Amino acid sequence: FDEPLTSKSKDEVGELTANFNSMTRQLKERLELKEAIGVASEVQQNLLPQEGFKAEGVEIEGVILYCDETGGDYYDLLPFPKKPGKVGVVVGDVVGHGIGAALLMASVRASLRTSSNYYDNPASVIKSVNDIICHDTSKTGSFITLFYLVVDWVSQKVEWVRCGHDPAVMFSPETGEFEELCGEGLALGFDNEFDYQEHLIEFGDSRHIILIISDGAWEVENRKGEKIGKQRLNQLLVANHELPSKQILDLLTNEIDRFRGDIAPKDDITITIIKLNYE
C-alpha cells in the first residue's frame, strides 16, 4: 500500500503493473471501509443498554441481534431522574439496514432521550421526536416504527404509544391469556402533523409479562421457508414465565437459532421482556 509501482512500458509488464496498482488501490479502500464499519458497529453497540433494569416488582431485559455489522433496530431503557418510580422502554425498527439505518437509529435515540426528560406524557414525547425525524428525513424518505412504553411501578400502571410497530403483547399467568397493547399510530418520519395518542393499563398487584419484539424475530425462516411465527414465541414465554427475564430472553433467542439452523437471518432481531410483580 505504499507508492504505486511505476512502469513506462506498454507491453505485458506495463499492463500487469497497471492492473496491480489498481488492485492494491481497491483493496486498500475496501480495508479502510471495513475498518470504518467496524468502528461504526462498536459505536452502535455502545449506544445500546449494557445491562437490564430491576426495581420494585419490575424486571426488564432486552437484546438486539443485528444481521449485518450495523443495523436499524433500536432498543433502549430510559431512566427518568426527574420522575422517580418510572422507567421507559423503547423498541424501534428503522427501514433498511447498514450505516444509513444505524445513523437514523442514533438520531432517534438522542431525540427520544432528550424529549422523554422534558415532556411528562408519552404522546408529547413522541410528537416531539416525530417533528425532529420528519425534518431529518424529509429528503430521504426514511422512517422508523416505534413502540414506546413507560412503566410506573408506584402508580402500578403502564402507558404506551404505538408508532406503526407490531403491538406488544401482555401475558397474564392468572388467566392464561394474552392481550395486545395496540393503538393507532403512524411510523415516525411520515407526517409531522400527526396526533399521537397514549394508552394506559393499570396492572395493580397482578403479575404480568410484556413482550415487545421487532418483526425480524417472528419472521425468521428455516430451510423449508417456514416462519417461526409469534405463536411459537408466545408459547415459550408461557411455559417459562416463572424464570427470570434474562433466562426467558436466552430461551427465546436459542429457540430462534435452533429453528433457523444454518440459514442466516435476513433482518435484525430485537426482543424485550418486561416482568411486573414477579418478586
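**Reading the structure through its contacts**

Arginine 207 lies over the face of tyrosine 278, at 4.5 Å from the ring centre. A charge sits over a ring if NZ of Lys or CZ of Arg is within 6 Å of the ring centre and within 35 degrees of the ring normal. The model is predicted: local features need pLDDT of at least 70, side-chain atom pairs count only at pLDDT 80 or more, and totals for chains, interfaces and linings use all residues. Residues are numbered from 1 along each chain as its sequence is written, and side-chain values use heavy atoms, without hydrogens and water.

Next comes histidine 208. It lies in strand β10 (residues 208-213). Strands are DSSP runs of E, at least two residues long, numbered from the N terminus. Histidine 208 touches Lys275 and Tyr278, and its other contacts include Met170, Phe171 and Phe203. Contact means heavy atoms within 4.5 Å. Is histidine 208 buried or exposed? It is buried, because its relative accessible area is 10%. Buried means under 20%, exposed over 50%, and partly exposed in between (1.4 Å probe, protein chains only).

Now turn to the core. The largest nonpolar core has 47 residues, and Leu112, Leu149 and Ile210 touch the most other members. Strand β5 gives the most to this core, with seven residues. Such a core is a set of buried Ala, Val, Leu, Ile, Met, Phe, Trp, Tyr and Cys residues joined through side-chain atoms within 4.5 Å.

Strand β3 (residues 73-79) is largely enclosed by the rest of the structure, because six of its seven residues are buried. Seven bridges join β3 to strand β4 (residues 86-94), and the two run antiparallel. Strands pair if DSSP finds at least two bridges between them. Tyrosine 75 has valine 91 in β4 as its bridge partner.

The whole structure holds five aromatic pairs. In one, the rings of phenylalanine 53 and tryptophan 153 have their centres 5.7 Å apart and their planes at 45 degrees, so the pair is tilted. Rings of Phe, Tyr and Trp (its six-membered ring) pair if their centres lie within 6.5 Å; planes under 30 degrees apart count as stacked, over 60 as edge-to-face and the rest as tilted. Tryptophan 153 counts as buried, at 17% relative accessibility.

Definitions and conventions: Helices (H or I, at least four residues) and strands (E, at least two) are DSSP runs, numbered from the N terminus. Lists of a residue's contacts leave out its neighbours within four places in sequence.
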